[in-house]
Each structure stands twice: as structure tokens, then as C-alpha cells.
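Dear colleague,

Please find below the structure that I am handing over to you. My notes on its salt bridges, nonpolar cores and helix packing follow.

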Amino acid sequence: MTELLDPKNDYVFKRIFGSEENKDVLLAFLNHTFKNAGESLLTDIVLINPYLDKDTPRDKQSILDIRAKTDQGELINVEMQLFNQYDLEKRTLFYWGKQYSGQLLEGQRYSQLKKCVAINIVNFKMLANDQYHNVFHLREDHTNIPLTDVIEIHFMEIPKLNDENILMKNGLVRWLLFLKGMTRSSWEALLMHEPEPALKKAMSVLEFLSQDEQARQQYIDRQKFLWDEVSMIEGAREEGLKKGMEEGIQKGIQKGIQKGIEEGIKEGIKEGIKEGEAESKRKIAMNMLNLGLDQDTIIKATGLTSSELEELQKEKE
């Protein structure tokens, strides 16, 4: 029997949840998400960027997210992150801001802005708690009153699902266990507590994709692309960190010597480490530029601002 593809692969994930014929699968998953957060359920959604055959495994990762609009005009973005490329919190806010501000055309009023929801499903632990599903809003620190309801960000951390918090009666848990990757024989356990047509359909779609030669090749290509991207980022990070720390410490020591030998070396090492961290980011970014990585990926991996990256690009040219 053919081995099942990993539904956490963002190409496979979008084939299952982001196509017009599977819109009911996405709607069911979203309603379990909102029910778990204690919010109102949806009656219908419209896919803004449905999966198309031209979507290739080497498209930028943002192409393989899922964007939908509710019947109230609220926007939802669902993204699967297989690998930790760091600064996901800032990246999420950045793209949430673009989605939110992108609603307005010139001359329109702010009152026309609708709520935007970002849902990140990640295959790694990132938040300092044991909850597999965390939901963030904008509220006042002391009284907890909301400033506005237009921002809502979800993080679902699949590795946090364990024997202690798994409740099979929880609909969202069943969906996340499906995404976590289970054998066919385990699927029956997911459907035992509450038969769910949409979840069963998702399983059937994954079964079909796993047996489809073209889909399997697309999956393999996408996995290779993701691994290569992670490898390049880590390689550039390590090389840049090493070079940057070496050069930074030398610069720092030289500055410190000017203040006095004994005190200067102590101070120089401190300044050197600080200088080294900054220099490391530049070196990492330069390595990534040389590898041909795009600006979003470099900013995400290094924490540099777009203006700092532009200056570095000028130096490279």
C-alpha cells in the first residue's frame, strides 16, 4: 500500500484545504478552530486564492497559504509552517498588517476595514506554555478590555499535542492529529467519537494525492525546496555568525584599547560581542544575497530592516 504523504507539507495542505471542491473541508476546520476559541461559527466562506494547477512547489511560500473571506467580509489567512525559520511572530504581524491595510482603496473610510484573522499551524514549539492552541487579541494590560476586535492571531503548535492534553472529543484536536500524520488504521479512532464528513473527506483527498504520481512528485519537489531553503538559511547564518563575531570582537578590542589596556579589554569584549552580533547579521544577509534568496526570506532570517538590506544590496553591487 502506498505510503501517505505528509499533510503538513504546505503544497499538500493547500490541495486538501484550499481548493474550491474542498471548501467544505476548510469551513469545517475553521469552525472547529473558532469553536475552540469560544467564538461564533461561520456559515460560509469565499476562497480568495484557491489552489490552481499552476501553483508549483518552487513558488514563494506565501503563495501556498490559504486566504478566505467570510460572508461578513472578514478576512482569514491560514498558513502551514513545517520548519522554524524564526521571527514568525513578527512575520505574522507584518503580513497581517499588509492584509488589513490592503482592504482600503484610495478615498475609502477606516470604518470600512474588516476584521483580519491569521491562523498559523506550526510543526515546532514556539510559545512558552503547554497550550497547543493560543489565540491573541489586542487588549488593555490591567483591565483586559479590548481596544478593537479587528486583530486575531492563532498559533497551533502540533508538537504540543501529547497524551496529557489529547481529548478525542475535541474536534480541533482530531483535525490537528490528522495533520500531525497518522496511519490509515489510526483514522478510524479519529472518527469514532463523532463521525465528521469533512474530516473523512480530507482523509480521502490525502489518500488520493498519495496515490497520484504527479501529486507525489510535486510533494517531493516541494519537500526538497523547503529543505534546501532551510539548509541555505542555516548555512548562511552559521558562516555569517562566525565571521561577524570574529571581526566584531577585533573591532571592539581595538576600541577598548584606546580607553586603557585592562579596562579596555573588558569593555572591548563587551563592545566586540555587540559589534559582532550586528556584523553577523550583515554577513548572514550578504551570504543570502549571494545565494539569490528573496528579500522577505532574508529579513525573516536575519531581523534586518528593509532599508538596512537595501544598503547592503548597494554594497554588494
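A salt bridge is taken here as a side-chain nitrogen of Lys or Arg within 4 Å of a carboxyl oxygen of Asp or Glu. The model is a predicted one, in which local features need pLDDT of at least 70 and side-chain atom pairs count only at pLDDT 80 or more, while totals for chains, interfaces and linings use all residues. Residues are numbered from 1 along each chain as its sequence is written, and side-chain values use heavy atoms, with hydrogens and water left out.

Salt bridges

The structure contains 13 salt bridges. One of them joins the side chains of Asp6 and Lys8, with N to O at 3.0 Å. Asp6 is buried (under 20% relative accessible area; exposed is over 50% and partly exposed in between, with a 1.4 Å probe and protein chains only), its value being 18%. Lys8 is likewise buried, at 6%.

A salt bridge also connects Lys115 with Glu152, whose closest N and O atoms are 2.8 Å apart. This pair links distant parts of the chain, 37 residues apart: Lys115 is in the loop between helix H3 (88-101) and strand E4 (116-122), and Glu152 is in strand E6 (residues 146-157). Helices (H or I, at least four residues) and strands (E, at least two) are DSSP runs, numbered from the N terminus. Both Lys115 and Glu152 are buried, and together with Glu39 they are linked in a network of salt bridges.

Nonpolar cores

A nonpolar core is a set of buried Ala, Val, Leu, Ile, Met, Phe, Trp, Tyr and Cys residues joined through side-chain atoms within 4.5 Å. The largest has 50 residues, and Ile16, Phe17, Leu30, Ile121 and Phe178 have the most contacts inside it. Another core, of 15 residues, lies apart from it and includes Tyr100, Leu113, Val122 and Phe155.

Helix packing

Helix H1 (residues 10-17) packs against helix H6 (residues 197-211) at an angle of about 130 degrees, their axes being 9 Å apart. Axes are lines fitted to C-alpha atoms, for helices over the stretch in contact, and angles run from 0 to 180 degrees between N-to-C directions. In this contact (heavy atoms within 4.5 Å), H1 contributes Val12, Arg15 and Ile16, and H6 contributes Ala202, Val205, Leu206 and Leu209.

Yours sincerely
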